[in-house]
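Work through the exercises below with the model at hand. Each task is followed by a solution in steps.

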Amino acid sequence: MGVKTMLPNYELGFYALVVTCAVVYSGSGIFEASRDSMNRKAFRDGIKPGWHYFGRKMDVADFEWVMWFTSFRNIIIFALSGHVLFGKICSMTVPQHRAVMYMLYGALAVLGSMGLVYLMIILSHCLVLYSVALAKQKWLCYVAGLCCLASFKVEPFGSWQSGFVTGAFDLQDVLFYGGCTFTIMRCMSFALESSEKKEGIYSIFDLLKYNFYLPFFFFGPVMTFDQFHAQVSTRELRRKDDEMKSIRVNALLHVGAIVAVDIFFHFFYILTLPSDLKFVTRLSDWSLAGLAYSNLVYDWVKAAVMFGVINTIARLDHLDPPQPPKCITMLYVFAETYVYDHLGENHDSIVKELLASVTTFAITTLWLGPCEIVYIWSVINCFGLNFELWVQKFFQLGPFAKLEAKMSGAMSRRVRAAFGAVNFWAIVLYNIPALNSLDFALLVTKRLLVTGFPVSTLSIWFITYCGVQLIKERERILALEEEERGDKAKVE
C-alpha cells in the first residue's frame with residue numbers, strides 16, 4: 001500500500017532541501033577534519049601525496065581501490081584489453097569456438113601471472129569437484145565444495161597451499177586467494193547444475209571453459225554455470241538495439257565514477273579518519289554520522305564500479321552478467337540461487353527465513369575467513385535480516401493491518417518511510433564493524449543513540465526519513481515507467 005502513491009511536490013521539495021542542507025553541513029565538518037589532519041603522524045600510512053593539480057594529499061587507506069586504479073592499473077588494463085581484442089577476433093572468425101579461446105587466453109594469463117604451480121593447484125581442485133559432480137548428489141557437492149573452500153580459509157591448510165607458489169609481488173596474495181576461492185564457488189555451481197541435469201553430465205572441458213574466463217577469474221562476480229554455458233554456447237551473436245550505446249555509456253560512467261572518487265579522496269579522508277578514535281571523538285554528532293554513512297556508501301560505489309568494469313567487458317563478449325545490485329556482493333548470485341532462495345523459498349516463513357539466513361551467513365563467514373570481526377559482522381547482519389521480517393510480520397497482524405487500511409496511500413507511505421529510516425541506520429551500524437572497526441562502530445552507536453539523544457538522534461532520523469522518501473519517489477517513477485512499457489508490449 002502506498003507504493004505508487006505520489007506525495008505533493010512541495011513536500012518532496014522540502015525533503016530534498018533538508019537532505020541537501022544536511023549533506024552540506026555534515027560534509028563541511030568532515031572536510032575541515034580532513035584538512036586539519038592532513039599532516040597528522042597517526043595518519044601517515046593512510047594519507048599519501050595525491051594529484052599535484054590539487055596540491056593536497058590523498059586518502060589511500062583502501063588497498064582494493066589503490067590496487068585497481070593506481071598501483072596495478074596498467075597491468076589490469078593490459079590484461080583485460082588483450083582479452084577484449086582476442087575475444088573480438090574470435091567472435092568474428094570462429095564464434096562457435098569462442099568459449100575455447102576465452103579459456104586458453106585465461107589459462108595463459110593465469111599461468112603468466114601466477115606460475116605453473118598455482119595453475120596446477122587450481123586444476124586439482126577443479127578435478128576433485130568434477131569427480132564429486134559425477135555422483136549427482138547435491139549434499140555431496142555442498143560438503144566437498146565447502147571443504148575445498150575451507151582448505152584456503154582455515155590454517156594451516158591455506159598457508160600450506162600458498163607456500164607452493166614461489167615468487168613475491170604485492171598482488172600475489174590477493175590473486176592467489178581470489179582466484180582459488182572463486183574457482184571453488186564456480187566449481188560448486190557447476191556441480192550443482194550437473195546434479196540437476198536429467199541425462200548425462202557436463203564435461204570437464206565445460207567446467208574449464210567456465211572457470212578460466214579471465215574477467216571473472218580473480219575477482220568475480222559469480223555467474224552461475226547454467227547461465228554462462230547457455231550464453232557462451234550461442235553461435236548467432238546478435239546485439240539488441242542500442243546495446244553498444246548502452247555499453248559505451250556504462251563505460252564512460254564508470255570512468256567518471258573512478259575519477260570522481262579519486263578527487264573526493266583528496267578532500268575527504270573518510271577511510272583514514274576512523275582509524276584514530278581520539279581524533280574522531282572531537283567531531284560533532286552530525287559529522288560522525290556523515291562519516292559512518294559515507295563509508296557505507298563508498299563501499300557500495302566501489303563494488304559497483306569494480307564489478308561494473310568487469311561486467312562491461314563481459315557484455316562486449318555477448319554475455320549477460322549479474323547487474324547492480326546483484327553484482328555488488330561477490331557471493332550474491334551464488335548464495336541467492338543455491339542457498340538463500342533454495343532454503344527460504346518465498347522468504348515469508350520465519351523458520352525457513354532463519355534457516356536460510358543462518359546458512360547463508362555461515363558460508364559467507366567461511367568465504368571471508370573466520371575471525372572475530374567476521375563473526376560479529378555475520379551475527380549482527382543475520383539478526384538484522386531476520387528482525388526485519390519479524391517486524392514486518394508483527395505489523396501485518398490484524399489490528400495494525402486494519403489501522404493501515406484506514407490510512408490514505410500518502411500517509412501509509414510516510415509511516416513506512418519512518419520505519420525505513422530506522423532500518424537504514426541499522427544497516428549502517430551493522431556494517432561499520434567490517435568496514436572500519438568495532439571500536440568506531442561502538443563510538444558511532446553511543447553518540448547517536450545515547451549521548452546524542454534526543455536532539456541528534458531525532459534530527460538524524462528525520463533527515464534519513466527525508467532521504468528515504470526521495471528514494472521511494474524514484475522507485476515509484478521507475479515502477480510507473482516499467483508498467484507503461486509492459487502495457488505497450490501487450491498492445492503490440
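**Exercise 1: packing of H5 and H8**

H5 and H8 are roughly parallel to each other (an angle under 35 degrees; over 145 counts as roughly antiparallel, 65 to 115 as roughly perpendicular and the rest as oblique). The model is predicted: local features need pLDDT of at least 70, side-chain atom pairs count only at pLDDT 80 or more, and totals for chains, interfaces and linings use all residues. Residues are numbered from 1 along each chain as its sequence is written, and side-chain values use heavy atoms, with hydrogens and water left out.

Task: Derive the relation of H5 to H8 from the axes, and describe the contact.

Solution. 
1. Helices are DSSP runs of H or I with at least four residues, strands are runs of E with at least two, and both are numbered from the N terminus.
2. The axes of H5 (residues 116-133) and H8 (residues 172-196) cross at roughly 20 degrees and come within 9 Å. Axes are lines fitted to C-alpha atoms, for helices over the stretch in contact, and angles run from 0 to 180 degrees between N-to-C directions.
3. On H5 the contact (heavy atoms within 4.5 Å) includes Tyr118, Ile121, His125 and Ala133, and on H8 it includes Leu175, Gly179, Thr183 and Ser194.
4. The contact residues of H5 with H8 comprise 14 nonpolar, four polar and no charged. Nonpolar covers Ala, Val, Leu, Ile, Met, Phe, Trp, Tyr, Cys and Pro, charged covers Asp, Glu, Lys and Arg, and the others, Gly among them, are polar.

**Exercise 2: H8 against H9**

Task: State how H8 and H9 are oriented and which residues meet.

Solution. 
1. The axes of H8 and H9 (residues 204-211) cross at roughly 140 degrees and come within 10 Å.
2. H8 and H9 are therefore oblique to each other.
3. The crossing of H8 with H9 is right-handed.
4. From H8, Thr183, Arg186, Cys187, Ser189 and Phe190 meet Asp206, Leu207, Tyr210 and Asn211 of H9.
5. This contact of H8 with H9 has four nonpolar, three polar and two charged residues.

**Exercise 3: the whole chain**

Task: Compare the radius of gyration of the chain with that of a compact globule.

Solution. 
1. The chain holds 21 helices and two strands.
2. Its C-alpha trace spans about 60 × 60 × 45 Å along the principal axes.
3. For 492 residues a compact globule would have a radius of gyration near 23 Å, and the 25 Å of the chain agrees. The radius is taken over C-alpha atoms, and the globule rule is 2.2 Å times the number of residues to the power 0.38.

Key
Left-handed = near helix turned anticlockwise from the far one by under 90°.
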